[in-house]
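Please keep the sequence and the model in view while reading.

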Amino acid sequence: MQPTAFFLPARSNGSVQGDQRFCLYHAPQAAALGVVLYIHPFAEEMNKSRRMAALQARALAEAGFAVMQIDLQGCGDSSGDFGDASWNGWLDDIGLACDWLRQQSPGPLWLWGLRAGCLLAVDAARRMQPPVHLLFWAPPVSGKQLLQQFLRLKLAGDMLDGGAKGGMDGLRQQLAAGQAVEVAGYSLAPALCAGLEAATLAPAVASSGPPPQLVWLE
């Protein structure tokens with residue numbers, strides 16, 4: 001069964017009238033087991049993983065899960081520019097998608113993250129009423145490490161062009177001064193980098209009730 005494609009009106013901080021998020025909804029094909037929101041990885045990793053994410057989303061729907069894929073602000077077919085995105089804005093998008101998804105089907109909520117999507121899933125789960133279950137695909141050690149790896153692409157490109165003045169310290173000073181950094185065709189805003197750098201894989205512990213599940217796949 002083909003997924004349903006649609007746009008959700010955005011409610012992120014700083015969103016403008018007409019701001020929309022592109023979504024794909026895979027209705028459950030068996031007895032409802034729960035709902036799953038897929039949170040895509042960072043920058044070009046999102047494009048490289050689209051086919052595998054779509055195949056897994058269909059498999060989960062066939063097993064009985066209601067599955068939603070959302071393009072976050074400035075990504076894919078959603079409105080906005082990547083350079084205008086912020087970590088908190090992306091968390092708002094995830095909350096918006098979960099609210100919509102929970103209205104479609106009953107059962108427990110799973111946040112399924114790939115790479116940086118795992119870090120977003122952890123932060124998003126802290127904002128929600130527990131339990132929120134987590135499915136990690138190849139999570140990075142930390143957001144700080146992921147950002148550093150991405151910034152190295154900029155340094156490598158500058159070196160090939162005979163530049164790379166200031167190195168990593170120079171890039172961080174640029175971000176600290178409120179200036180965006182251009183890396184591999186993506187404009188990284190300071191607000192996005194700050195949120196990514198602070199993100200960790202440390203899920204909140206439920207104070208009562210059954211603990212949420214965590215599935216970690218490398």
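## Strand pairing

Strand β4 (residues 65-70) and β2 run antiparallel and are joined by four bridges. Within this pair, L24 has Q69 of β4 as its bridge partner. Strand β1 (residues 4-9) also pairs with β2 in the antiparallel sense, over six bridges, and F6 stands opposite C23 in β2. Strands count as paired if DSSP finds at least two bridges between them. Strands (E, at least two residues) and helices (H or I, at least four) are DSSP runs numbered from the N terminus.

Strand β2 (residues 20-26) has five of its seven residues buried, so it is largely enclosed by the rest of the structure. Buried means under 20% relative accessible area, exposed means over 50%, and partly exposed lies in between (1.4 Å probe, protein chains only).

## Basis of the model

The model is predicted: local features need pLDDT of at least 70 and side-chain atom pairs count only at pLDDT 80 or more, while totals for chains, interfaces and linings use all residues. Residues are numbered from 1 along each chain as its sequence is written, and side-chain values use heavy atoms, with hydrogens and water left out.

## Helices α3 and α4

Helix α3 (residues 87-102) and helix α4 (residues 116-126) have axes that come within 10 Å and cross at roughly 75 degrees. That makes α3 roughly perpendicular to α4. Axes are lines fitted to C-alpha atoms, for helices over the stretch in contact, and angles run from 0 to 180 degrees between N-to-C directions. Angles of 65 to 115 degrees count as roughly perpendicular, those under 35 as roughly parallel, those over 145 as roughly antiparallel and the rest as oblique.

At this crossing, W87, W90, L91 and I94 of α3 meet A116, L119, L120, D123 and A124 of α4. The contact residues divide into eight nonpolar, no polar and one charged. Here Ala, Val, Leu, Ile, Met, Phe, Trp, Tyr, Cys and Pro count as nonpolar, Asp, Glu, Lys and Arg as charged, and the others, Gly among them, as polar. Helix α4 is largely enclosed by the rest of the structure, because 10 of its 11 residues are buried.

## Nonpolar cores

The largest nonpolar core has 56 residues, and those with the most contacts inside it are L37, F42, W90, I94, L111 and L188. A second, separate core of 12 residues includes L60, V67, W110 and W137. Such a core is a set of buried Ala, Val, Leu, Ile, Met, Phe, Trp, Tyr and Cys residues joined through side-chain atoms within 4.5 Å.

Not counting residues up to four places away in sequence, W90 touches F42, L72, Q73, C75, F82, A85, L120 and L192; contact means heavy atoms within 4.5 Å. L196, found in helix α7 (residues 190-198), counts as buried at 1% relative accessibility.

## Backbone exceptions

Most residues other than glycine have a negative phi, and most peptide bonds are trans. R115, in the loop between β5 (109-114) and α4, has a positive phi near 55 degrees and is partly exposed, with a relative accessible area of 21%. A184 has a positive phi near 50 degrees and lies in the loop between β7 (181-183) and β8 (186-188). A184 counts as exposed, at 58% relative accessibility.

The peptide bond from P130 to P131 is cis, with omega near 0 degrees. P131 is placed in the loop between α4 and β6 (132-137).
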